[in-house]
Amino acid sequence: MTRFQFESWYDVMMMSGHGPFVWASFAITFAIVAYLWIMPGIRERRLLREQRRLLAIEAAQHAAAREGQGG
């Protein structure tokens with residue numbers, strides 16, 4: 001049977017004094033990976049919203065120009 005390295009959960013968290021550094025590095029890595037995973041979707045939605053806005057402005061300008069020519 002395999003013997004577990006640590007005797008308690010406290011020992012797992014502390015890792016002979018190295019725990020805070022290990023767990024902080026895990027947290028930082030997780031935060032960076034989450035950021036890199038989420039941000040492209042946010043940027044894409046922002047870009048599409050901006051493109052829709054610009055197309056609406058352009059369509060309104062064309063409509064106004066056509067009304068000005070026909071009147």
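Student: Is glutamine 51 buried, partly exposed or exposed, and what is its relative accessible area?

Tutor: In general, a residue is called buried under 20% relative accessible area, exposed over 50%, and partly exposed in between, with a 1.4 Å probe and protein chains only. Glutamine 51 is partly exposed, because its relative accessible area is 38%. Please keep in mind that this is a predicted model, in which local features need pLDDT of at least 70 and side-chain atom pairs count only at pLDDT 80 or more, while totals for chains, interfaces and linings use all residues. Residues are numbered from 1 along each chain as its sequence is written, and side-chain values use heavy atoms, with hydrogens and water left out.

Student: In which helix does glutamine 51 lie, and how many helices and strands does the chain have?

Tutor: Helices (H or I, at least four residues) and strands (E, at least two) are DSSP runs, numbered from the N terminus. The chain has 2 helices and 0 strands, and glutamine 51 lies in helix α2, which covers residues 19-70.

Student: Which residues form a salt bridge, and how far apart are the closest N and O atoms?

Tutor: A salt bridge is a side-chain nitrogen of Lys or Arg within 4 Å of a carboxyl oxygen of Asp or Glu. By this rule the count is 1: glutamate 50 pairs with arginine 53, with the closest N and O atoms 2.7 Å apart.

Student: Which residues gather in the patch of positive charge on the surface?

Tutor: Patches are made of residues with over 30% relative accessible area and no salt bridge, where like charges are joined within 9 Å and nonpolar side chains (Val, Leu, Ile, Met, Phe, Trp, Tyr) within 5 Å. Here the positive patch gathers Arg43, Arg45, Arg46, Arg49 and Arg52. Arginine 49 has its place in helix α2 and counts as exposed, because its relative accessibility is 52%.

Key. Accessible areas come from the Shrake-Rupley method with a 1.4 Å probe; for residues, only the protein chains shown count as cover. Lys and Arg count as positive and Asp and Glu as negative; His and the chain ends are not counted. The place of a charge is taken as NZ of Lys, CZ of Arg, CG of Asp or CD of Glu.
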